[in-house]
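This report describes a protein model together with the ligands placed in it. Please read the text alongside the sequence and the coordinates.

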Amino acid sequence: MTILMDGMRLNAREGQTILDVAREHDIRIPTLCYHEKLKPIGSCRMCIVEVEGSSTPVAACTTAVSDGMIVRTHTPDLVELRRETLKLIFLKHPMNCAACEINGNCQLQDLAHEYDINHTDLHTYNIRPVEPEPGPYATPLIQYHPRRCILCGRCVQACVEITEVGAINFKGRGALARIAPVERMGSIKPECVSCGECMAVCPVNALTEALGKKRGKAWETRKVKTTCTYCGCGCQLELNAVGETVTAVTPVDGGVNRGALCSKGRFGYDFINHHERLKTPLIRENGTWREANWDEALDFVAKRLVDIRSESGPDAIGALASARCTNEENYLFQKFIRGVIGTNNVDHCARL
Ligand code: SF4
Ligand code: SF4
Ligand code: SF4
Ligand code: FES
């Protein structure tokens, strides 16, 4: 089928939304609640467009295209409506960008800039925002900031669609609406698994790490793509570092995990800069540990293995492999223990 968008005739396919077609043809329609990993939510109304024959603007992210549709994406009326939407969002959301950790990497800030929202606009409606009550979130690893929350619903959707748990939902109405753990329904209470997917999709820093380090600003943060070391899945992630200190883990697209992480991969990075972290091998002598270099440590281990094997036989030796090694390393390790040392006393910490 074809549709006419901003005067251009564009090819479109059955099942696509107006936003899908616009993006496919590099036509920018502003969005806020829309997230590529989630089904369209349609809550923020930033993506409204005019469709000929429709008496009111429609959300581009939730409206399917039809053959011959005529769409306008940037009329003066639409720009004005989007400005009003942003003003209403900023009635509650504190425009406190200078002190905000995602300053410089924020969709809402970009929209405020694009639609020229300034402090004078924030007094248009002369309404004092309600100060929401603090309340518990679904996991102690994440802190919820109700004033910042724009109630876009991404977190709720991510918990259902990505993690398939459904541990959080909207609670309360109007100005008191907030995100909260779901109530028990009879014997069913979906339990949060602390995966942090909700936090990862929040566009306005309303969900932050409760125990994490202070994050650096976008422009001082170095991102290093790497593989999670916790288990054999090989999830891809991005370490965020300021100087030599890792301050956060963020998802990367693709990889076996398709951007998703578990609680260990997302929150368990403090060991990297921990002051007790081992950085050299240690050899125990007379009951105390002393630092050694790798050559010395490997020579020591090789000599002890040979001595024990000749004195007491190969079954006097047992070996434990690590989930933090690759499959190939673990394969070589068991091969060495079985083929070279000559014992089947080999196991893996994942089975403990
Ligand atoms: S979330 Fe965005 S708009 Fe809000 S204070 Fe932070 S940088 Fe500014
Ligand atoms: S941490 Fe994971 S399981 Fe818990 S509320 Fe967020 S998305 Fe749901
Ligand atoms: S916590 Fe974040 S993702 Fe969830 S509704 Fe609020 S702004 Fe949206
Ligand atoms: S992006 Fe379409 S309604 Fe929010």
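## Residue classes and the shell of ligand 3

In what follows, Ala, Val, Leu, Ile, Met, Phe, Trp, Tyr, Cys and Pro count as nonpolar, Asp, Glu, Lys and Arg as charged, and the others, Gly among them, as polar. The model is predicted, and in it ligand 3 is surrounded by 14 residues, of which the closest are C149, C152, G153, C155 and C202. By class, this shell around ligand 3 comprises twelve nonpolar residues, one polar and one charged. The space that ligand 3 takes up is the second largest cavity.

## Ligand 2

The largest cavity is the one in which ligand 2 sits. Around ligand 2 are the residues A138, I142, C159, T163 and I168, together with the run C192, V193, S194, C195, G196, E197 and C198. The shell of ligand 2 divides into eight nonpolar residues, three polar and one charged.

## Ligand 1

Around ligand 1 lie H93, P94, N96, C97, C100, I102, N103, C106 and Q109, and also V204. The shell of ligand 1 has six nonpolar and four polar residues, and no charged ones.

## Domains

The protein is divided into domain 1, covering residues 2-123, domain 2, covering 130-211, and domain 3, covering 313-352. Between the C-alpha centres of domain 2 and domain 3 the separation is 43 Å.

## Helix α7 and its ends

Helix α7 runs over residues 294-312, and its 19 residues reach 27 Å from the first C-alpha to the last, close to the 27 Å expected at 1.5 Å a residue. At the N-terminal end, α7 is capped by N293, which has a side-chain oxygen 3.2 Å from the backbone nitrogen of D295. Just after α7, G313 adopts a positive phi of about 90°.

How values were computed. Residues numbered from 1 in each chain as written. Chains lettered and ligands numbered in written order. Predicted model: local features only at pLDDT ≥ 70, side-chain atom pairs only at ≥ 80, totals over all residues. Heavy atoms only, no water. Helix = DSSP H or I, 4+ residues; strand = E, 2+ residues; numbered from the N terminus. Expected span 1.5 Å × (residues − 1). Polar contact = N/O pair within 3.5 Å; in protein donor to acceptor, adjacent residues only side chain to side chain. Near = heavy atom within 4 Å. 1 Å grid on protein atoms, 1.4 Å probe; cavity = no way out; pocket = protein on both sides within 12 Å on 5 of 7 lines; lining within 4 Å. Sits in = over half its atoms within 2 Å of the grid points. Domains from an automatic or database assignment.
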